[in-house]
Amino acid sequence: MIDNNSLQIRDPFVLPLAGQVQVQGQGQGQYYLYGSTDSNIWGKGTGFDAYTSKDLEHWEGPFSVFRPEADFYAERNFWAPEVYAYGQSYIMFATFRRKDNDLLGTAVLASTHPLGPFTPHSEGPVTPKDWSSLDGTLYIDKQDQPWMVFCHEWQQTGDGEVCAMRLTEDLRSAEGEPVILFRASEAPWTTPFVSKRYADQLNYVTDGPFLFRSSDGDTLYLLWASFINNTYALGIARSGSGEITGPWIHQEEALYQKDGGHAMVFRTFGDKLMLAIHTPNQTPDERPVFLELEESGGVMRMKG
């Protein structure tokens with residue numbers, strides 16, 4: 001058993017499952033926690049581990065859910081796994097740095113169990129091959145069409161982009177060209193990211209998009225991370241049309257700006273709306289933090 005204060009993880013993603021899924025003989029009502037779990041996520045990739053919990057404070061694990069085969073198309077930067085129940089399977093979106101062109105891309109993996117083993121489902125990343133793309137997340141529109149929402153990386157574009165791309169029903173490939181939802185500089189709360197490596201360009205970061213609807217289903221929100229004065233921060237936008245195509249209206253102030261981000265939202269078994277982030281943003285100190293959210297007048301805020 002490990003608690004949140006001792007659990008090194010980036011990009012935390014929680015899958016609550018109340019159904020008949022057995023884990024080492026345990027019963028229902030469990031939270032499954034996934035994330036970037038390599039001790040040095042900037043280097044050679046080992047794979048992904050997951051954890052299970054009844055209370056979001058104490059975790060069983062780690063459980064090895066993905067380990068690459070020798071001929072896998074990536075060997076470093078294994079990032080941001082997200083797991084969804086989809087049809088009769090569990091689908092994982094995860095980011096890897098390709099061997100063939102050294103660019104990041106989000107691929108799709110699959111398993112029959114939330115604790116894997118997950119194996120490649122798509123033929124490599126489904127994001128554009130000549131783009132450096134990361135942090136793909138799944139969105140199902142009102143016509144039951146699946147989309148991948150992802151970031152076109154700031155290191156390649158200068159002004160990072162959040163993009164959306166239709167997927168085939170089986171999630172194995174793209175079914176259309178990506179569209180830009182917004183650029184990082186369009187939000188009122190972001191500031192340029194100062195990078196010695198990319199000092200010759202003006203940098204605005206996009207990172208970790210995640211979509212969810214209000215409790216009444218009318219409002220579509222999009223969480224994403226960027227920087228304020230080189231400190232990791234989290235913002236939120238809402239769709240003016242209620243759909244993925246937007247237009248996207250940014251809240252004036254950051255939702256969280258205490259060196260934490262790459263967020264997602266889930267509902268607890270007690271029906272609380274919870275935000276999952278990692279903080280601080282330095283390896284190996286990052287830890288999972290769970291904070292309650294509330295909505296008021298079309299604005300999403302931290303509760304309390």
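A residue counts as buried when its relative accessible area is under 20%. With that in hand, welcome to this predicted model.

The side chain of Thr106 reaches the backbone nitrogen of Gly136 at 3.1 Å. Leaving aside residues up to four places away in sequence, Thr106 touches a set of residues including Phe93, Pro125, Leu134, Gly136 and Met148.

Next come the cysteines. What is the distance from the sulfur of Cys151 to the closest cysteine sulfur? That closest sulfur belongs to Cys163 and is 7.9 Å away, which is too far for a bond because a disulfide needs the two sulfur atoms within 2.5 Å. Cys163 is likewise in no disulfide, and the count of disulfides comes to 0. Cys151 is buried at 0% relative accessible area, and Cys163 is buried at 0% as well.

Now for some backbone details. Most residues other than glycine have a negative phi, and most peptide bonds are trans.

| Cis peptide bond | Omega |
|---|---|
| Gly116 and Pro117 | about 10 degrees |
| Thr283 and Pro284 | about 10 degrees |

Pro117 is in the loop between E8 and strand E9, while Pro284 is in the loop between strands E19 and E20.

Asp144 is not a glycine, yet has a positive phi of about 65 degrees. Asp144 lies in the loop between strands E10 and E11 and is exposed, at 62% relative accessibility. Asn230, also not a glycine, has a positive phi of about 65 degrees. Asn230 lies between strands E15 and E16, in a loop, and counts as partly exposed at 35%.

Note on methods. Residues numbered from 1 in each chain as written. Predicted model: local features only at pLDDT ≥ 70, side-chain atom pairs only at ≥ 80, totals over all residues. Heavy atoms only, no water. Polar contact = N/O pair within 3.5 Å; in protein donor to acceptor, adjacent residues only side chain to side chain. Contact = heavy atoms within 4.5 Å. Buried < 20%, exposed > 50% of the residue type's maximum accessible area, 1.4 Å probe, protein only. Helix = DSSP H or I, 4+ residues; strand = E, 2+ residues; numbered from the N terminus.
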